[in-house]
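User: I have this chain open on my screen and would like to know what its labels rest on. Please set the values against their cut-offs as we go.

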Amino acid sequence: MKFAKFLSIAAIAAAALIPANMLAQQPRNIAGSIPGIALAASQNYQQLPEGARKFINRHFKNVGIASTERYFAKGTYEVELANGIDIEFDNKGTVREINAPDAMVLASEVVKDVLPGKSFRRLNDAGLSSSVESIEFNRRGKAIEVELAISDPDTYIFDLDGNFLAIQD
C-alpha cells in the first residue's frame with residue numbers, strides 16, 4: 001500500500017513538472033513572457049522612411065527626437081519630438097497627423113507645408129494659421145481636420161483638395 005501511494009505521489013509530481021520543464025525550454029523575451037506577434041516596435045530614427053526624415057529635418061532640425069515607433073498593423077510610424085510634438089507618418093513618409101502638445105500651436109510654416117494651398121489660405125486669411133493645434137488626415141482619406149486654439153467652434157474640415165467643408169465644435 002505504501003508503495004502504491006508513493007507511485008501515485010510520484011506520478012502527480014512528474015505530471016506537474018513536465019509542463020514546467022517544457023515551458024522553461026521556450027524562448028523568452030526581456031519581460032519573461034513567450035514572444036508573440038509584434039504589433040509595434042521602437043525604431044531608430046534612420047529606419048524612418050526618407051520622406052519622414054526630410055520633413056523632420058526641414059521643420060524641426062534643432063529639436064531632438066524623444067521616441068520613434070513603428071505600428072505594423074496600421075502601417076504607420078509615430079515620432080515624438082523633444083518639444084512634445086507628435087507626428088504620424090505613413091509607410092512612405094507622408095504626414096498623416098501632427099499634434100502640438102497642450103498650450104502649444106504648430107508653426108505656421110509647418111501648417112503651410114502640410115495643408116493644401118486652399119486650406120492654408122483660408123486659415124491665413126482668417127488670421128488662424130498661427131493657431132493650429134493639430135492636423136489630421138481622416139483615416140478614410142477623404143477629409144482633413146484642423147483643430148485650432150480658439151473657443152468653439154474650433155475644428156475646420158477640408159477635403160483633400162483643400163476645399164472648405166465645415167466647422168465643428
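Analyst: Gladly! Let's begin with two phenylalanines: F55 and F89 are both buried, a word used for a relative accessible area under 20%, while over 50% is exposed and anything in between is partly exposed (1.4 Å probe, protein chains only). Please keep in mind that this is a predicted model, where local features need pLDDT of at least 70 and side-chain atom pairs count only at pLDDT 80 or more, whereas totals for chains, interfaces and linings use all residues. Residues are numbered from 1 along each chain as its sequence is written, and side-chain values use heavy atoms, with hydrogens and water left out.

User: Why is the pair of F55 and F89 called edge-to-face?

Analyst: The structure holds five aromatic pairs. In the pair of F55 and F89, the ring centres are 6.1 Å apart and the planes stand at 75°. Rings of Phe, Tyr and Trp (its six-membered ring) pair if their centres lie within 6.5 Å; planes under 30 degrees apart are stacked, those over 60 are edge-to-face, and the rest are tilted. Both values meet their cut-offs, so the pair is edge-to-face. The pair also links distant parts of the chain, with F55 in helix α2 (residues 50-59) and F89 in strand β4 (residues 86-90), 34 residues apart. Helices here are DSSP runs of H or I with at least four residues, strands are runs of E with at least two, and both are numbered from the N terminus. Ring pairs link F55, F60 and F89 into a cluster.

User: How do you know that the buried residues of α2 line one face of the helix?

Analyst: The buried residues of α2 are A52, F55 and I56. Viewed down the helix axis, they fall within an arc of 95°, so they line one face. That arc is taken from the directions from the helix axis to the C-beta atoms. Their cover includes β2 (65-71), β3 (76-81), β4, β5 and α3.

User: What makes S119 count as buried?

Analyst: S119 has a relative accessible area of 0%, so it is buried. The residue is found in helix α4 (residues 117-125). Apart from neighbours within four places in sequence, S119 is in contact with F158 and G162, where contact means heavy atoms within 4.5 Å. In α4, F120 and L123 are buried along with S119. Seen down the axis of α4, the buried residues fall within an arc of 95°, so they line one face of the helix. They pack against α3 (108-114), β6 (132-137), β7 (144-148) and β8 (155-158).

User: Is T155 buried or exposed?

Analyst: Buried: T155 has a relative accessible area of 7%. This residue of strand β8 is in contact with E145, V146, E147, A166, I167 and Q168, leaving aside neighbours within four places in sequence. T155 and A166 are eleven residues apart in sequence, with 8.3 Å between their C-alpha atoms.

User: Why is D152 called exposed?

Analyst: D152 has a relative accessible area of 54%, so it counts as exposed. Its place is the loop between β7 and β8.

User: What makes the phi of A103 worth a look?

Analyst: Phi of A103 is near 65°, a positive value in a residue other than glycine. Most residues other than glycine have a negative phi. A103 is found in the loop between β5 (95-99) and α3, and its relative accessible area of 86% makes it exposed.

User: How do you know that R122 lies over the face of F164?

Analyst: R122 is at 3.7 Å from the ring centre of F164. A charge sits over a ring if NZ of Lys or CZ of Arg is within 6 Å of the ring centre and within 35 degrees of the ring normal. K74 likewise lies over the face of Y71, at 5.2 Å from the ring centre.

User: Which residues have the most contacts inside the largest nonpolar core?

Analyst: They are I87, I98, I135 and V146, in a core of 31 residues. A nonpolar core is a set of buried Ala, Val, Leu, Ile, Met, Phe, Trp, Tyr and Cys residues joined through side-chain atoms within 4.5 Å. Beyond residues up to four places away in sequence, the residues that I87 touches include F55, I56, F60 and I98. For the whole chain, 30% of the 169 residues count as buried.
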